[in-house]
Amino acid sequence: FDFCSKDTEKRPSENLGQVLFGERIESSPYKFQFKKKEECAPVCTKTYDTSKPEDKQKLEFLKKGMLLNYQHHWIVDNMPVTWCYDVEDGQKFCNPGFPIGCYVTEEGRPKDACVVNVNFNDKDTFYIFNHVDITISYHVVENEAAGARLVAAKMEPKSYKRSQEKPDCTGPPMDLSNKFSGELKITYTYSVQFVEDNTIRWASRWDYILESMPHTNIQWFSIMNSLVIVLFLSGMVAMIMLRTLHKDIARYNQMDSVEDAQEEFGWKLVHGDVFRPPRKGMLLSVFIGSGTQIFIMTFVTLFFACLGFLSPANRGALMTCAVVLWVLLGTPAGFVAARFYKSFGGEKWKTNVLLTAFLCPGIVFADFFLMNLILWGEGSSAAMPFGTLVAILALWFCISVPLTFIGAYFGFKKNAIEHPVRTNQIPRQIPEQSFYTKPLPGIVMGGILPFGCIFIQLFFILNSIWSHQMYYMFGFLFLVFIILVITCSEATILLCYFHLCAEDYHWQWRSFLTSGFTAVYFLVYAVHYFFSKLQITGLASTILYFGYTMIMTLIFFLFTGT
């Protein structure tokens, strides 16, 4: 974008999380001193001549940005500069950014931010916000030498057309007709004032941004909704455990003669086959290993976020924390994969260790690398520098992989998991299954309930990733996470019981895929979100969206399945 910029200053350095999310902080040409009031100070003037092709291209790009509601994000003292405006019922909404400008359609309907000013009324016209009124609130600290602390930064974007050399901030708005040709001058200016406000404590200076996000009622509703599902499932599981198992065991205890014992039924019939190793046991054990790694990582990250270590004030902290934890949790992954593989009677332990260390991380990294190539090709600032890619590879190969090997060594050293019953020599024939105990319908049904628990949270998470809204409700998220874990396990136990009763003893893959199918619903929801909520144009952006969504789907699949 062709705005005023300051190239001479050094850019602040970002941490790993910010680099991964593509957040880059640039130094700003808007300079002010503490308590020094500025009125309509000029920053720079940009001149466009539509007869020159490069100027015309810059102007077209600016129009496209306004049409798609692109936003400026400014930071003062690590605080986002927010634009607070009134929404319905006298509530204020604080947006941590402000738009470049806005557009009034050919029918004269104002879009996005154009509704804030009555003067934005020319048809088929763009209005550029080229002036900002910044208000910085501070409070004076009595007992320290520091003097004062900034507690809030608010701004209001304005638009002024200026004819004369010395800019003054009055007059009609800066309009740019869609059909415009000729020479155009845009002067960028700002006013700043400092207001003393001793009511806000420095520690709670983020609150005014968070209070204006009116989502908490929906959150409680979604938690209640999820809890109802959990209670329903827990009731079912408990009933099955108590009623059927109790009845069955009581029946066994009453049998006196051997003849009665021959007439077995239901899940007793498959006791000689239930621990038969699954087909593709290698892959299953690798998935469970990687899933364990992801599960512990998610749990610890959310736990820290709940305690407030990873607040939005700490930019990129969440992502950094997750990546570092994932790297350090190689040992549990190797250990769990090795234990399961050994209990499935596997012999190729070297292959198992290598797959655990490289299969799932490799898929994620390859996807990420492809996305990065696209970003490089587009010349985007969100592309990761080559150094960071090397650093991530170093973390993976030098820390994560050796830790996985260590875990696998201990896993294979331990004795295999003892099965309570012997496995028969000859596999038993599986009778004809009814529709709902067949593998596919069971798996498809199993994913619905866990997805029902999370889909409201999912909306807010996708918003915070793709629509630059803040996500700070980690308490809710932690609750939902625990509810999701319980729902996944209970739904799987239920369906597993049903098909063991139908004498189908292939339960290992099924139990992984039943709750893992939630990830497919997640994918469907992400596609729906893409078409209904986002206005993404261009092939590269679409590929990026679905590329990153596939990474999230894979991680979610491993997590829920495990």
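**Disulfides and a pocket**

With 105° about the S-S bond, the link of Cys84 and Cys94 is right-handed.

Modeller: First, the ground rules: this is a predicted model, where local features need pLDDT of at least 70, side-chain atom pairs count only at pLDDT 80 or more, and totals for chains, interfaces and linings use all residues. Residues are numbered from 1 along each chain as its sequence is written, and side-chain values use heavy atoms, with hydrogens and water left out.

Biologist: How far apart are the sulfur atoms of Cys84 and Cys94?

Modeller: A disulfide needs a pair of cysteine sulfur atoms within 2.5 Å. Cys84 and Cys94 form one, with their sulfur atoms at 2.1 Å.

Biologist: Is Cys84 buried or exposed?

Modeller: Buried means under 20% relative accessible area, exposed over 50%, partly exposed in between (1.4 Å probe, protein chains only). Cys84 has 16% relative accessibility, so Cys84 counts as buried.

Biologist: How many disulfides does the structure hold, and in what pattern?

Modeller: Count the bonded cysteines along the chain, and the pattern reads 1-3, 2-8, 4-5, 6-7. The number of disulfides is four.

Biologist: What does the pair Cys4 and Cys44 tie together?

Modeller: Cys4 and Cys44 form a disulfide with sulfur atoms 2.0 Å apart. The angle about the S-S bond is -85°, and the link of Cys4 and Cys44 is left-handed. Cys4 lies in the segment before helix H1 (16-21) and Cys44 in strand S1 (residues 38-49), so the pair ties together parts 40 residues apart in sequence.

Biologist: Where does Cys114 lie?

Modeller: A disulfide joins Cys114 to Cys102, S to S 2.0 Å. Cys102 is in strand S8 (residues 101-104), 12 residues apart from Cys114. Cys114 itself is in the loop between S8 and strand S9 (125-128).

Biologist: Which cysteine has the closest sulfur to that of Cys360?

Modeller: Cys360 counts as buried, at 5% relative accessibility. Its sulfur has no neighbour in bonding range: the closest one is 17 Å away, too far for a bond, in Cys488.

Biologist: Which helix gives the most to the lining of the second largest pocket?

Modeller: A pocket is found on a 1 Å grid over the protein atoms alone: an open set of points where a 1.4 Å probe fits, with protein on both sides within 12 Å along at least five of seven lines; lining residues have an atom within 4 Å of a point. The second largest pocket has 35 lining residues, with Phe275, Ile493, Cys496, Trp507 and Ser511 nearest its centre. Among the elements giving two or more residues are helix H4 (216-254) and helix H12 (474-501). The top contributor, with eight residues, is H12.

Definitions and conventions
Helices (H or I, at least four residues) and strands (E, at least two) are DSSP runs, numbered from the N terminus.
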